[in-house]
Amino acid sequence: ALEEDEWLVKGKDGKVKVVKDKDKKKKTKGEGGGASEHSTNSSANIAPLPPSSATTPADVPERQKVSPVPTVREPSPQAPTPSVRPTSPVLAAAPAGSKPLLRVRQVVPPEEIKRQEHEDSRKKELEKVKGGWKEGLFKQTMMEGHKSAISCLFISGSCLLSGGFDGILKQWDLTSGDMVRSLGGHTSAVRGVWADQDIFYSGSEDCLIVLWDAKSGKQHRTINCFTPIRAMAGDASAGLLYTGHSDRSLRAYQTGEEGKDEEVFKLKAAHAAAFTGLQLVPGSQGHLLITTDEAGECVLWDLGDGSHMVPSPIWRCTHANEEIARTACWLPLDRTSAQSGAEGTLMVGYDPSEIQAWTFPNDVDSYEPRNLSVEGAGFPDEEMRACLAICHDEKLMVSASTQPDGAGNLVVRLLATEEILYTVAPEDMEAAASMAVKDKYVVFGGLDGWITLLEALEPSKV
């Protein structure tokens with residue numbers, strides 16, 4: 001250790017030596033008051049300069065005892081303090097002297113949220129259902145129509161058209177239930193009927209399309225398709241009549257008295273089997289065409305802008321467990337716009353047992369439809385013998401089926417939730433072979449030739 005008056009001084013030769021105060025004063029005085037190599041501070045306890053790295057123990061006198069000089073390091077940059085996101089306090093304020101209360105956030109189960117959303121949607125849609133449709137209040141009228149099964153029905157205003165396997169076309173007044181006239185211009189089963197303004201159209205398995213004057217009942221003209229007609233639907237805005245045939249072809253013909261007899265287009269192999277149904281979707285819902293066949297296939301077609309262009313298939317749906325697709329209807333995703341295109345739900349009625357629903361484009365990859373046949377209907381699967389017709393009126397879907405005892409019934413579903421609102425079993429109604437729904441009317445054509453007319457009533461009139 002150095003004495004109080006001793007200092008370590010590094011000379012010009014690089015050597016460190018011990019000097020005392022008096023020696024240093026002499027040196028400073030001998031240099032004529034020149035500046036010293038190092039300024040002094042009598043109060044310092046640490047040498048201001050560390051020994052040179054070149055200095056070795058041999059360079060230091062034996063009597064020297066040097067204490068190590070502490071190394072002064074630059075302060076290392078501190079790591080940035082991680083920012084802490086303020087959170088709401090977990091503990092609620094508690095009275096003095098008591099334990100703090102834990103604030104628990106209530107979590108609503110997803111099932112409860114889904115159930116509430118379903119209920120809200122149901123109430124909202126039910127408010128749009130008017131008259132007897134909401135409560136299932138109907139007036140029933142039975143009309144003896146044809147000698148054999150009724151194959152097709154069409155409602156136009158207060159007029160009802162029916163076609164039967166007896167080859168007869170009949171006109172009815174829906175308000176009274178009376179028959180207006182019977183028209184016998186076919187030699188085989190009438191498979192399709194349609195009306196536009198003052199002209200009735202009928203298509204038959206005798207290969208003929210007949211145009212009738214609605215006022216007089218006289219024939220305007222006849223179109224020979226040269227192959228049996230199995231289904232038919234008309235588009236008044238485009239002036240086209242679409243037909244599906246037993247040879248699997250899909251065709252279109254011009255409507256009106258002055259229309260040409262040649263087809264506008266013909267798709268030879270539109271299906272894998274003979275047609276069973278053809279349904280036109282209104283232009284306000286996308287301008288689509290739905291066709292079904294005896295092989296269980298249902299096809300959704302794009303009609304484009306409704307002009308005379310050849311339709312193109314959008315979706316093809318088949319169900320392995322069902323052999324015959326009887327009929328179908330389309331519920332677009334956006335019912336207020338024609339821009340929804342091919343996004344929506346396609347509901348298909350199969351014979352003998354099921355109603356299947358495909359939602360596009362969600363179910364395209366899996367091709368797994370939802371079975372709407374029996375849930376909530378009040379009878380098990382094995383007791384259903386026929387789901388022969390599906391139609392929809394505004395917010396509802398109506399289906400007809402046959403029970404084991406041969407009686408027919410009516411099932412009404414709310415389209416928004418696909419739930420059954422109620423089931424109606426009309427008195428004396430036999431198995432339904434055809435059905436038509438429009439406005440407040442539901443009409444069933446039975447296998448026995450009778451027509452069952454149901455009219456939805458206002459609750460105040462019941």
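These legends describe an overview and several close-up views of one predicted protein model.

Residues are numbered from 1 along each chain as its sequence is written, and side-chain values use heavy atoms, with hydrogens and water left out. Because the model is predicted, local features need pLDDT of at least 70 and side-chain atom pairs count only at pLDDT 80 or more, while totals for chains, interfaces and linings use all residues.

**View 1**
Helices (H or I, at least four residues) and strands (E, at least two) are DSSP runs, numbered from the N terminus. Of the 462 residues in the protein, 44% are buried. Buried means under 20% relative accessible area, exposed means over 50%, and partly exposed lies in between (1.4 Å probe, protein chains only). The protein exposes about 25400 Å², and carbon and sulfur atoms supply 50% of that area. Accessible areas come from the Shrake-Rupley method with a 1.4 Å probe; for residues, only the protein chains shown count as cover. Take the contacts (heavy atoms within 4.5 Å). Among those with a separation of 6 or more, 45% are between residues 24 or more positions apart.

**View 1. Confidence along the chain.**
The pLDDT is the predictor's confidence in each residue, from 0 to 100. Its average over the protein is 76, and 67% of the residues score at least 70. Over residues 24-92 the pLDDT is below 50; this stretch has 38 contacts in the model beyond near neighbours in sequence. Residues 375-383 also stay under 50. For residues 375-383, the model has 14 contacts beyond four places in sequence.

Arg251 sits in strand E16, which covers residues 250-254. Is Arg251 buried or exposed? Arg251 is buried, because its relative accessible area is 3%. A polar atom of its side chain lies 2.8 Å from the backbone oxygen of Cys225. The side chain of Arg251 also makes a polar contact of 3.3 Å with the side chain of Asp247. A polar contact is a pair of N or O atoms within 3.5 Å; within protein, one must be able to donate a hydrogen and the other to accept it, and residues adjacent in sequence count only if both atoms are side-chain atoms. Leaving out residues up to four places away in sequence, Arg251 touches several others, including Thr227, Leu241, Tyr242 and Phe265.

A disulfide is a pair of cysteine sulfur atoms within 2.5 Å. The whole structure has zero disulfides. Cys317 is in no disulfide either. Cys298 has a relative accessible area of 0%, so it is buried. Cys317 is buried too, with a relative accessible area of 0%.

**View 2. An aromatic cluster of Trp133, Phe138 and Tyr422.**
Rings of Phe, Tyr and Trp (its six-membered ring) pair if their centres lie within 6.5 Å; planes under 30 degrees apart count as stacked, over 60 as edge-to-face and the rest as tilted. The structure holds four aromatic pairs. One of them joins Trp133 and Phe138 edge-to-face, at 5.4 Å centre to centre and 85° between the planes. Trp133 is buried, at 6% relative accessibility. Phe138 also counts as buried, at 17%. Phe138 is touched by Glu455. Glu455 lies in strand E32, residues 450-456. At 15% relative accessibility, Glu455 is buried. Its other contacts, beyond four places in sequence, include Leu137, Lys139 and Tyr441.

**View 3. Two loop residues: Gln197 and Asp428.**
Gln197 is not a glycine, yet its phi is positive, about 60°. Gln197 lies in the loop between strand E10 (190-196) and strand E11 (199-204). With a relative accessible area of 74%, Gln197 is exposed. Asp428 is not a glycine either, and its phi is positive at about 65°. The loop that holds Asp428 runs between strand E29 (419-424) and strand E30 (432-438). Asp428 is exposed, with a relative accessible area of 59%.

**View 4. Ser401 and Glu354.**
Ser401 belongs to strand E27, residues 396-402. At 4% relative accessibility, Ser401 is buried. Ser401 and Glu354 are 47 residues apart along the chain, and their C-alpha atoms are separated by 9.4 Å.
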